Structures are given as C-alpha cells and as structure tokens.
Amino acid sequence: MAKRSARPNSKDQNVCWCNFVKKSTLEEAIKNGATSLNRIFDRTSAGVGSCGGSCRPYIQRMLDQYQKDGTFPENPRPLKKNS
Ligand code: FES
C-alpha cells in the first residue's frame, strides 16, 4: 500500500488523499495529453474518491497553470495552517 504524504514541502505530495494519487502522477497525465479534469480522473483515479472530489480544485489548478505556462505549482495542495 502506498504511504500517505501530506507534508506541504514534500516534493511528491499526495494531491488526492482518497486514492493516494501523487503530484508526479498527475503531472505525467497532464503532460501526456489529459487536457480536462475528466481525462485526468480516468487516467489516474484522482478526484473520484469517497470524499466526493475535494482535490478537484487543486487538480484544476495544476491543469490551468500547465496550460498557461507549461509549469506546475510546486505545492498544489497546501495544508491549512492549523492542520
Ligand atoms: S481527495 Fe481526491 S477524491 Fe477525495
């Protein structure tokens, strides 16, 4: 089973906590042609977990930034200050 990593400075943090989908997995999917949230969901299983998709805004942020300038946010899912 994959280890959870939710530290904000982790280089390969889990963006989708329900399905343990890491930032690098999402980046690869986007680089390889997943141009919409639905395509990312299909390729990675991120965004379709039991919480109902709380990670979707973060995935959208990754997709938007990549489509804008070809880069990804360093920390797409920041933690709350008190968590
Ligand atoms: S955190 Fe991604 S679907 Fe729940």
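Author: This is a predicted model. A place to begin is Phe72, which, apart from neighbours within four places in sequence, is in contact with Glu27, Met62, Gln65 and Tyr66. Phe72 sits in the segment after α3.

Reader: What makes Phe72 count as partly exposed?

Author: Phe72 has 18 C-beta neighbours inside 10 Å. A buried residue needs 20 or more and an exposed one has 12 or fewer, so Phe72, with 18, counts as partly exposed.

Reader: Why is Leu26 called buried?

Author: Within 10 Å of Leu26 there are 26 other C-beta atoms. The cut-off is 20 or more, so with 26 Leu26 is buried. Leu26 belongs to helix α1. Leaving out residues up to four places away in sequence, Leu26 touches Val15, Val21, Ile40, Thr44, Ala46, Ile59 and Met62.

Reader: How do you know that the buried residues of α2 line one face of the helix?

Author: The buried residues of α2 are Ile40, Phe41 and Thr44. Viewed down the axis of α2, they fall within an arc of 100°, so they line one face. As background, an α-helix has 3.6 residues a turn, so residues three or four places apart point the same way. The buried residues of α2 pack against β2 (21-22), α1 and α3. After α2 comes Ser45, with a positive phi near 75°.

Reader: How do you know that the length of α3 agrees with its number of residues?

Author: Helix α3 has 14 residues, 56-69, and at 1.5 Å a residue they should span 20 Å. The end C-alpha atoms of α3 are 20 Å apart, so the two values agree.

Reader: Which residues of α3 are buried, and what puts them on the same side?

Author: They are Tyr58, Ile59, Met62 and Leu63. These four cover an arc of only 140° around the axis, which puts them on the same side of α3. What covers them includes β1 (14-16), α1 (23-31) and α2 (37-44).

Reader: What lies on the face of α3 turned away from its buried side?

Author: That face carries the exposed residues Pro57, Asp64, Gln67, Lys68 and Asp69. Just after α3, Gly70 takes a positive phi of about 80°.

Reader: How many helices and strands does the chain have, and in what order do they run?

Author: The chain has three helices and two strands, and from the N terminus on the order is β-β-α-α-α. Of its 83 residues, 28% count as buried. Among contacts with a separation of 6 or more, 35% are between residues 24 or more positions apart.

Terms used:
Residues are numbered from 1 along each chain as its sequence is written. This is a predicted model: local features need pLDDT of at least 70, side-chain atom pairs count only at pLDDT 80 or more; totals for chains, interfaces and linings use all residues. The expected span of a helix is 1.5 Å times one less than its number of residues. The arc is that of the directions from the helix axis to the C-beta atoms. Two residues are in contact if their C-beta atoms, placed from the backbone, lie within 7 Å.
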